[in-house]
Amino acid sequence: IVPTHLVGFLAVPGVEKYKLTNLERMWYAASPMPLELLRKGIAAFGEVFAQGYGQSESGPDIAILTRESHRVLDQPPEKQKVLTSCGQPCLGVHVRILDENNNDVEIGVVGEIAVKSKSIMVEYWKKPEETARTIIDGWLHTGDMGYYDEEGFMFIVDRKKDMIITGGENVYPREVEEVLYRHPAVLEAAVIGVPDDKWVERIHAVMTLKEGQKPSADDIMNFCKEHLARYKAPRSVEFVDALPKNPQGKILKRELREKYWAGKERKI
C-alpha cells in the first residue's frame with residue numbers, strides 16, 4: 001500500500017468493529033508514510049506493518065523496516081523515531097550516503113543515497129547520457145536524499161528534485177508534510193516549491209480536507225509555524241478536492257508544480 005490506501009482504510013465506516021485477528025502483514029512502499037498516519041494505522045490494525053524501500057532501477061530491493069522495528073509505540077519518543085526510517089539495507093545490497101563529490105558523509109549528515117548490488121539495472125534503454133549520470137563507478141545514484149543513524153537505520157528526507165531552496169535555505173517537503181498530517185482537518189497533503197520574486201521559491205502546501213472541516217489558510221500556516229522553523233512553514237496554501245496520483249496512488253508533485261512553473265526554469 002501507499003499512504004493514500006491507508007487513509008482510505010481508516011475512513012471505512014465502523015472499521016474499528018471489524019475482526020482483524022487474521023490480518024498478518026500490511027506492507028507499505030513507493031511513497032513516504034507520514035508518521036501520524038502510520039501511528040493511526042498501527043492503532044487500528046495492530047503491529048502488522050512492514051516497509052520496503054527500493055526503485056525499479058535498483059532491482060527493486062534496497063532496504064526493509066521489519067514488523068519488529070514497528071513495535072515501538074510504547075517506547076520513548078527517541079525510540080519511536082525509527083518509524084520514520086526506511087529500515088536497514090537488504091542482504092546483498094550495499095548502500096552509501098554521498099556528498100556532491102561522491103564522498104561518503106558522516107553519520108547523521110544528509111547526502112544522496114547510492115546503491116550497488118547484483119540486481120541494479122544495466123542501463124536506461126537507449127539513453128546513454130542519463131545512464132552515465134545515474135550509474136557512476138558502478139554505484140546507482142537514486143536521487144533520494146537521506147542519512148544513516150548510529151544504529152544503521154537509514155532515513156530518507158526527500159527526493160533530490162523535490163527539495164525546495166527558499167531564501168537560500170534548503171527545505172525538504174516531507175518534514176513539512178509530516179506536520180500538516182498532524183492537523184486534525186487535513187486528509188492528504190503535498191508540499192511543493194513555487195516561484196517567488198523575493199524568496200526565489202516559496203513553500204506552498206496543497207491539501208484535501210476531512211469531511212466537514214473548513215480551516216482557513218491562516219489556520220494551516222499558523223499551525224505549521226508552531227511546529228516548524230518559520231522559514232520551513234508554508235507561505236501559501238491551496239485546498240483541492242483531490243490530489244493528482246498515479247495508478248498506484250502515489251501523489252504526483254510534478255503535476256502540482258506544472259501550472260506554477262510553466263515557461264520558467266526551476267534550478268535545484
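Which helix is Arg133 found in? Arg133 sits in helix 4, residues 128–134. Everything here comes from a predicted model, where local features need pLDDT of at least 70 and side-chain atom pairs count only at pLDDT 80 or more, while totals for chains, interfaces and linings use all residues. Residues are numbered from 1 along each chain as its sequence is written, and side-chain values use heavy atoms, with hydrogens and water left out.

**View 1. The whole protein.** You'll find seven helices and 14 strands here (DSSP runs numbered from the N terminus: H or I with at least four residues for helices, E with at least two for strands). The C-alpha trace spans about 55 × 55 × 35 Å along its principal axes. Of the 268 residues, 46% count as buried (buried is under 20% relative accessible area, exposed is over 50%, and partly exposed is in between, using a 1.4 Å probe and protein chains only).

View 2. Arg133 counts as exposed because its relative accessible area is 57%. Ile62 is 71 residues away from Arg133 in sequence, and 19 Å away in space, C-alpha to C-alpha.

View 3. Helix 5 (residues 173–180) is mostly covered, with seven of its eight residues buried. Among them are Pro173, Arg174 and Glu177. Glu177 meets Lys253 in a salt bridge, 2.7 Å from N to O (the rule: a side-chain nitrogen of Lys or Arg within 4 Å of a carboxyl oxygen of Asp or Glu). That pair links distant parts of the chain, with Lys253 in helix 7 and Glu177 in helix 5, 76 residues apart. Both Lys253 and Glu177 are buried.

**View 4. Asp162 meets Arg257.** These two side chains form a salt bridge at 2.9 Å, N to O. Asp162 lies in the loop between strand 9 (154–159) and strand 10 (164–166), while Arg257 is in helix 7 (residues 253–261), 95 residues apart. Asp162 counts as buried because its relative accessibility is 9%, and Arg257 is buried too, at 11%.

**View 5. Glu47 and Arg71.** The closest N and O atoms of this salt bridge are 3.8 Å apart. Glu47 is in the loop between helix 2 (35–45) and strand 2 (49–54), and Arg71 is in the loop between strand 3 (61–65) and helix 3 (77–80). Glu47 is partly exposed, at 42% relative accessible area, and so is Arg71, at 36%.
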